[in-house]
Amino acid sequence: MNFDDPRLTAIGLLTEVHAGLLGRFLPVLSAAGLSEIDFETVIRLARSPNQRLRMSDLAAQTGLSTSGVTRVVDRLEREGLVRREACSSDRRASYAALTDAGRERLEGVLPQHIQDIDDCFTGLLSESELSAFLDSLRKIRAVVRPCATAGAVEAEAPVRP
C-alpha cells in the first residue's frame, strides 16, 4: 500500500484547504447573521435569473434535501431575506426569491468576504492559474454534483408562430 499516493495527497489537500477557507470565512458570515448554508442559499439566489430559483433547483444546487431546503428557506423567510413565490405554470412548484433585505445583507457582507477570498485564495493565483483551476473544478463538479447548476439558466420561452 502506497500511503504517499498522489490521489490521497490531492484529496487531503482539498480537505485541508476547504477547512482553512471556511475557518477564514465563517466569522465574517456569522457577524452578518448568516450561517454557511444561509449564505450559500442567498448567494445562489442573488446569482440566479431574476434572483430566484425553484425550491427543487435550490435544493439541488445546495445539496440539501427538499425538506432541508424548506427549513432553510423558512428561517430565511422569517428573517425577511427571502420570500416564496408561487409558480404560475405549476401549482405544485414554488420559488425562493431574494428580497431587498436579503440583497442588503449580502451587500454588507460581500466586500469583506471577497477580500478574504482574494487574500487567501484567488489572489494567490495568476490569471492563467485561476482560469485553469476553475476549469478543473467545473470538470470535477460535473461528475460529483451534476445538479449543482440546476435552474441557473432560465429556460427559454417557447417560440410561438
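Q51 is located in the loop that joins α2 and β1, where helices (H or I, at least four residues) and strands (E, at least two) are DSSP runs numbered from the N terminus. The model is predicted, so that local features need pLDDT of at least 70 and side-chain atom pairs count only at pLDDT 80 or more, while totals for chains, interfaces and linings use all residues. Residues are numbered from 1 along each chain as its sequence is written, and side-chain values use heavy atoms, with hydrogens and water left out.

Most residues other than glycine have a negative phi. Q51, which is not a glycine, has a positive phi near 50°. N50 is placed in the loop between α2 and β1 (52–54) and has a positive phi of about 60°, although it is not a glycine either. The relative accessible area of N50 is 55%, which makes N50 exposed, whereas Q51, at 22%, is partly exposed (buried is under 20% relative accessible area, exposed over 50%, partly exposed in between, with a 1.4 Å probe and protein chains only).

The largest pocket holds about 2,100 Å³ of space. Of its 42 lining residues, E40, R44, F121, L137 and R141 are the closest to the centre. Two or more lining residues come from each of α1 (6–31), α2 (36–46), α3 (55–62), α5 (100–120) and α6 (127–144); α1 gives the largest share, eleven residues. A pocket is an open set of points on a 1 Å grid over the protein atoms alone, where a 1.4 Å probe fits, with protein on both sides within 12 Å along at least five of seven lines; lining residues have an atom within 4 Å of a point. Points are joined across faces, edges and corners, and the volume is the space filled by probe spheres set on them.
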